[in-house]
Structure formats: C-alpha cells, structure tokens
Amino acid sequence: MVFRRIVKGLKKTRDKLASGLASILGSGRQLDEDLLDELEETLYTSDLGITGTEIVEEAKRAWKKKEIQDVADLKVWLHKALLERLSGCTGQVCRASEGPTVLLVAGVNGSGKTTSIAKLAHWLKRDGNKVILCASDTFRAAAVEQLTHWADKIGVDIVKQGTGADPAAVAFDAVDAAVARKADYLIVDTAGRLHTQKNLMRELEKIVTVIRKRIPDAPHETLLVLDATTGQNAIRQAAEFSEVAPVSGLILSKLDGTAKGGALFGIRRELDLPIYFVGLGEGIEDLEAFDAEGFVDGVLGDALEAEEATG
Amino acid sequence: MFQNLTDSLTKALSVFSGKKELTEENVAEGLKAVRKSLLEADVHFRVAKDFVKRVQEKAVGQQIIQSIDPGQQFVKLFHDELTELMGPEGAILPHADSGPTVLMMAGLQGSGKTTTCSKLALYYRQKKKKKPLLVAADLQRPAAVDQLEALGKQLGIDVYKEDVKSDPVTVCKNGIAHARRLGHDFVILDTAGRLHVDDKLMKELERIVEACKPTAVALVADSMLGQDAVNSAKEFHARLPLTGVILTKLDGDTRGGAAMSIKAITGVPVLFVGVGEKPDDLEAFHPDRMAGRILGMGDIVGLVEKAQEQIDEKEAARQTKKILKGSFTFDDFLKTYNMIKKMGPLKKVMGMLPGMGAALKDVDLDDKQFGRVEAMILAMTPYERQRPQVIDVQRRRRIARGSGNDLQAVHNLIKQFKQMQKMMGKMGKGGGMPPELMGAPKKGFRQGKGARPMGGPFGGGKGKSPGGGFPGAFSLRKPEMMWLERTPDQAGPDLGVVSLHAPCAGLMKHLPAMESVLDW
Ligand SMILES: Nc1nc2c(ncn2[C@@H]2O[C@H](COP(=O)(O)OP(=O)(O)OP(=O)(O)O)[C@@H](O)[C@H]2O)c(=O)[nH]1
Ligand SMILES: Nc1nc2c(ncn2[C@@H]2O[C@H](COP(=O)(O)OP(=O)(O)OP(=O)(O)O)[C@@H](O)[C@H]2O)c(=O)[nH]1
Ligand SMILES: [Mg+2]
Ligand SMILES: [Mg+2]
C-alpha cells in the first residue's frame, strides 16, 4: 500500500518533521471548532490552498448537521472528501495504434524532467518495450550529457545533437529514428522553461508542430513534470503549459521529501488532467504509478502510523 | 487567480469612510484580506498567522490619514513590516581575512545551485575583481561535473574537478588547496542537491563544513516552493552555519511567499536573487520589492523609481485631464507611450502595476507590435492626429500604405481609439463606467485563469477571448487610480492597444500620490 518507499526510506526523519494530521485525528480529542481550525491549518500546510478552506467549511456544515459526530467520523469523511476531489485522476500512458508512441516531457526548470524520463524509460523497457530518448534540451549546460548518462545506464538509444542545436530539429530527427528503428516509445526531453517566458513557450509549441509533421497524432502524450515541493504556482504551471502544448498527464516528482504535493488538488479544480506517476527519489527505480488512496493517505499523514502498526 | 491585495482591501476597508482611527473591529475584514493574500502567495500558515497578528497589534489605534485611502494606509503598514522582516537590504557575503574566501552552496535538488555558482563567480569577478574557482563537489547527479565545467568554460572561469569516484569532502578540501596554490581568492563549492530528511547526505554537508571551514554557506532555495519551505529551511539551518539565502527563479510569476517563510523561520538574510537562467541573471535583493510581491501589490517601489526618472509630471497631469474630458488625441497617445517606453520594455513596466502582472501574462504585449501602432500614427498627418474623426476610408488607405499595414489594422486602431475616447469621456462626466462597457465576464472566461485583457493588435493571438476588458472596473471616485481598481475577471469592450493610454496616463498622474503613500 501507499508509497512504500517513503515508508521504508525516510520514515523516521520525515515523521519528526511532518506534523501531519495524525496528531489531530489520532489523539482521542473532542471534535470541536478548534480542532476544525487546526485541520484547516494542516491542510494548508500540505499546499491544498483554497481547497483546504473549502473542505473545512464542508466539514463544519456536516458536523452541524450531525453527519459527523466525532473524530473517527471526521477521519473517514475527510478521506472521502479528498479522494472525491481526485476522482478520475489516474490513468495509463497510452499506446499509439501503430508506429512509435511519442511522449513529450515538459516543465519548469529543475522540476525533474530528465530524471523522470530516465525512470520512465526504465519502466517501459522493463515491460519489454524498445525505447528511444531524444535530447531536445539543447540549452542547459550538460543537459545532453545528463540524458546520455541515463540512456547508457538503462541501455536504450538516444538521439542527440550538441548544446545549442535547434530542439525542434533534434525532435524531428528522433521521430525519424524511432520510426526507422521500429521503436515502441520515443521520449523527448525538453529544456526547463518558466511558463511566463513567451518565447520559450513558443519554442515548445514548435517542437510539437515539428513532431506532428512526421506523425500527425503525436505527441501521443505530453507529460508535465511538477515538483511536489512547489506551492500554488504549480496551478499556473499546469494551466499555462496546457495552453501551448497538448498536456495530457502529470508526473509529480520529489514526493520523497516532506512536501505533500497538495497543489494537485488546486490543479484538479481547474484542469481535468490525470496524474500518471510520482517520483520518489533520484534513481531509475524511484517511480511509482500514482495511487489516489496512497496520495490522500500521505496528505492525511496517518497512513504512516497505520503502516507501522501493521508492520 | 491572485486578486490584487490593494483591490480587495479597498473593498474590505470601505467601512473606514468617516472613521478616525483603525480599530479592532474595522480592521477585521482587512486582516482577513491580508492573511488570504499571504496564503495565496505560499507563505507558511503559521508564519502568516503570527505576522498578521503582530501587525494587527500595531495597527489598532493608528489614526487614519484622511487624505489617503485607508486601504492603502493599511497595506502600507503591512508592506513596511514585511519589508523589515525581509531585510536587511543588500546583505553582503563576508570575506576571509586571510586565504581565499570559501562559499559553500547547499539546497534541495534542482533548486538552482550549480547555475547560481556560475552566476556568483561571474559577479565576483566583474564587480569585486576576484579570481574565482568553481569546485565540482556534486558527484551524485549525472553530468553535474560536466554542467559546472561547461559553465566555467563558457565564462572563462576555472573549475576544479576530480573523478566521480572520489568523495565530496575530499574534492572540496583539494579544491581549496588548489585555489591557494594558483592564487584564486574566491572559491565556490557546488554540492549535490539533497533532501533535508536524508540524514546521510546532510551529514556529508556537515563533514564538508568541518573539513573546509567555509567563510560562508548559502542556502539556494527555489522561490516557487510551497508550505514545505519551512521544513527544509529549518533543517538546513539546524545542520549548517547558514550565512544567507539565495532565491532562484524569481523571473517567473511566483509570489514568492516561501522567501518570507524561510526568513521568518531561520532569520538568515537573503543575499541575492536569481532572475533567469543566464550567468548574468543575478540581482541584489530588495526587501521592499519582495514585500510588495508577496503581498500582491506589484512592484510599486520599482515602478515609482523608474517613473520618477522618466516622467514629466506636468505633462502627465495634462494628459489625465484630457483623457477624462474625452479629448485626447493620437498625439497624446504617442507622447504617453514614449514616456512609458523610456521606462523599459512595455510588458515589464505594465507588469509592475499592481494586479497587472497576472492580467498581462496572456497578452503578447510586445514592443514590436506596439511599434506597428506607432507606425500607423506616424503615418497620419498632424491634422489627422489631432482630429481622428476626419480619418475617412481614403485617408485610412494612405495610412495603411504609409505604415506598411493592411487596411483592417488601421480600421481597428481607429475604432478602438474612438471607443476609448467615448468611454473615457463618459467617465469624466461622472457617469461612471458605462454599464454596457463594464461587461460581465465573457463566455469562455474561467475563474482563476487570469484575464486576457486586450484584443486588437495584442490579445488576438490565440483567438480565444474576444479581447477587451482592460479598464475593467474603473471607479470615478479616484480616476487617477483607475488602473489599481480593475478586477481581473471583468471583460470590457475591445479597446486593444489604445486602452493602455488610460492606465499609463493614470499611472503617471498618480505617481506623486503613490510616492506619498510609500514615504510617510
Ligand atoms: N529526491 C528526489 N529528487 C529528484 C526526483 N526527481 C528528480 N530529482 C532530482 O532533482 C534534480 C533536478 O532533476 P532533473 O531531472 O535534472 O530536472 P529537470 O527538470 O530535467 O531540470 P532542467 O532540465 O534543468 O530544467 C536532480 O538532482 C534530480 O536528481 C525525485 O523524485 N526525488
Ligand atoms: N528561470 C530561471 N531558471 C533558473 C534560475 N536558476 C536556475 N535555473 C534553472 O533551474 C534548473 C536547475 O538548475 P541547477 O543549477 O541545475 O540546479 P541545482 O540546484 O544545481 O540542481 P541539482 O544539482 O540537481 O540539485 C536549470 O534549468 C537552471 O537553468 C533562475 O533564477 N531562473
Ligand atoms: Mg532536464
Ligand atoms: Mg547542481
């Protein structure tokens, strides 16, 4: 259950720091106004933003109507309320009906794109797919070397030119190569860019256009990599990237820290995007399919205790 | 999504009219607005709560200065307090008394350490005439050494590296020895990104500190961090003798509340801010600007500074009068535009206006496009510029030809200009914003997606919104403040580029007032 790696790996220190809801919900306390205020605070500190306020207001109403009578009820109710907001949020990366499936990966600077690509390539290769990587981050120093390192390590092909090359041209070559070599998946790495940078966002648009010249229904998925430690700005990122590229799903990286990634709830309010994967470390094994229950447990913080109790 | 704080406060604090001082009751709504604004900016819940409480205590009992909007007085109070909290201004790195100054970087993964290393090396070489050495002590992330090396090469700055099988503590020690030997007086240690909860890697940093006794340790933090910023900052602070914080990626649209959380929790000053990916995108930290940004007031201070240098106050006042009389001409338009242009790229200037940042984000507010409009106006005769109503189709054809535009563009410009004139005229007569121009949010506008305020030569790019709406909710009470009072989700008529005239002139007119708000 849950994201096992978190539980195993960094549990101790994580617990020490993360206050979680466990202290509120597990302490045999009376359900009252104070407790609900504390609940709001805890939800806020998980980056739920306005969603946290909404949920607490709903909880207060349910309490007044006696639908929630005590802390145990509240716990169940909360879990459900959070889960409902994520309904329909899981999904699987699609497969093109013929030819290579093209996955375009984008996101702001340092969010974890390149590492996520390595993890994804490893995942797909393990499932018996032929994967090719494309180094379309031609801007950042040694971005190509970084991706090359991963390609070598995983044992997949990479299509690249040097730093400074036209990223769209590299992508075009890569699509060609993927078709010629009969690859199952082509994963395109792109440079980090802030969604406020108009010219760079146009560059991303251009990459999409160029890929489509070769395979009209590609990219079959455009994955936006979000850093779980990011606050409310993640919502803007999701909205703005969706404007210029056909973003079809999210990867939430760096969930192995103490951040809860609650900005996802804010994103779900505005955009109907599935969350495919979570990143839980820097290695290629550190990727797991998104699991809404596990995620909600993580936000509520008490899952860890439960896990420990049952061993 | 982010409602301008000044907007919401003006609303919340309307209860003040006629009151003499700020009391617990009449500031309650205002406090809520401030707290909300802080939380939207990602300030940690606790930090926001404590801060608001502290300022509330100071606020209660203050006299309301009648000449100033109580909302602004209130914001000013918070702005000052936050500026103080975020201070000091321009904290500097200590330097070693003997031997090279050693600066160690630390931070979470992807926060911007390596990039910042190169920025600092360049900065200290250019500004302080130092001879820097970069030490590649991130042996963990694939190609981290290559990255630092490439940056060093690009800037002509030496990089010390060892085989990745070495150990970071050893690399740092050897790097410093290398610097001594070769006469480098400024050494920057690039370390691997790590989670604050990763005990093993945190210990490694402690060992580097012990072995190398760095002159300064900088925490590099991403300004987009959310609530978790306090957890990581607290732990890095507990483990390392932090000298300062460097905030990165402030070139985006994050409100940067994490900066406040980190400062409040650690007390460590902010040294520099990163405002781009290039080596020279490093700036000194200004607590007042950061405070404005976190509070959601726009960079008023920066704007005032810029404007003071460039704007002719008398001219500005004259323009505003003309606007309100509905009698401004294409000449006036050019004059205003030229003044604004001197302040910097249009989008940047407009973006500094409170509440405008978010609204402008979707607009291709490109000086080149503005240049097209300028060309059309310059292709008019002086007579035409003064009397837009005489520009008939024949004249329009000539203007189109003369400016290298098509006829439609000229049609649009003139249409927009007339609409603007008419609307401003109505406002000036005390009619308020004509209801038909107020416009309910147009279809397709989504709450929280930020407005797409302008059509015409600017906004039309994506063909999604019918444009319009810049002036939004103008209020007559204070015409010179109209640009402060627009609500982002209100759309109006299609005024295109011309609509910039009003806020620009309004802005200029308002400057003296703004100054007094900021200075008392
Ligand atoms: N702890 C942790 N670190 C991660 C995770 N994913 C990525 N990282 C680290 O985050 C840093 C940035 O990752 P990259 O994959 O280079 O990020 P990027 O988005 O490609 O960065 P740019 O290309 O520079 O925009 C690296 O140090 C990664 O090792 C994760 O899930 N957990
Ligand atoms: N827009 C913008 N991007 C920045 C800024 N500072 C760094 N970056 C980008 O952020 C990404 C990560 O930067 P790095 O310098 O590699 O970060 P790091 O902390 O060294 O990463 P790790 O070593 O993997 O932990 C890169 O794409 C940088 O170009 C900044 O101020 N603005
Ligand atoms: Mg990358
Ligand atoms: Mg680095």
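Visitor: How many residues surround ligand 2, and which are the closest?

Guide: First, the ground rules. This is a predicted model, in which local features need pLDDT of at least 70, side-chain atom pairs count only at pLDDT 80 or more, and totals for chains, interfaces and linings use all residues. Residues are numbered from 1 along each chain as its sequence is written, while chains are lettered from A and ligands numbered from 1 in the order in which they are written.

Now the site. Ligand 2 has 27 residues around it; a residue is near a molecule if its C-beta atom, placed from the backbone, lies within 6 Å of it. The closest are Asn109(A) and Gly110(A), together with Gly112(B), Gly193(B) and Gly274(B). The ligand lies between chains A and B. Helix H5 of chain B (residues 113–128) gives the largest share of the shell, 3 residues. Helices (H or I, at least four residues) and strands (E, at least two) are DSSP runs, numbered from the N terminus. By class, the shell holds 5 nonpolar, 14 polar and 8 charged residues. Here Ala, Val, Leu, Ile, Met, Phe, Trp, Tyr, Cys and Pro count as nonpolar, Asp, Glu, Lys and Arg as charged, and the others, Gly among them, as polar.

Ligand 1 also has 27 residues around it, the closest being Thr115(A), Gly192(A), Gly279(A), Gln109(B) and Gly110(B). Residues from chains A and B surround ligand 1, so that site is shared between chains. Helix H7 of chain A (residues 113–126) supplies the largest share of its shell, 3 residues.

Next, the interface. In chain A, 39 residues are in contact with 40 residues of chain B; contact requires C-beta atoms, placed from the backbone, within 7 Å. On the chain A side, H2 (11–17), H4 (33–44), H8 (143–154), H11 (233–244) and H12 (263–270) each supply at least two residues. That side has 11 nonpolar, 17 polar and 11 charged residues.

Back to chain B. Its open sheet of 8 strands runs S3-S2-S4-S1-S5-S6-S7-S8, with mixed pairing. Two strands pair if DSSP finds at least two bridges between them. Strands S3 (158–160) and S8 (282–284) of chain B are the edges, each pairing on one side only. From one strand to the next, the twist averages 25°. S1 (residues 101–106) and S4 (residues 186–191) of chain B pair in the parallel sense over 4 bridges. Leu103(B) stands opposite Ile188(B) in S4(B).

Helix H6 of chain B (residues 144–155) packs on this sheet, touching S2 (132–137), S3 and S4, and its direction makes about 165° with that of S2(B). Axes are lines fitted to C-alpha atoms, for helices over the stretch in contact, and angles run from 0 to 180 degrees between N-to-C directions. H7 of chain B (residues 168–182) lies across S1, S2, S3 and S4 of chain B, also at about 165° to S2(B).

Definitions and conventions. Contact = placed C-beta atoms within 7 Å.
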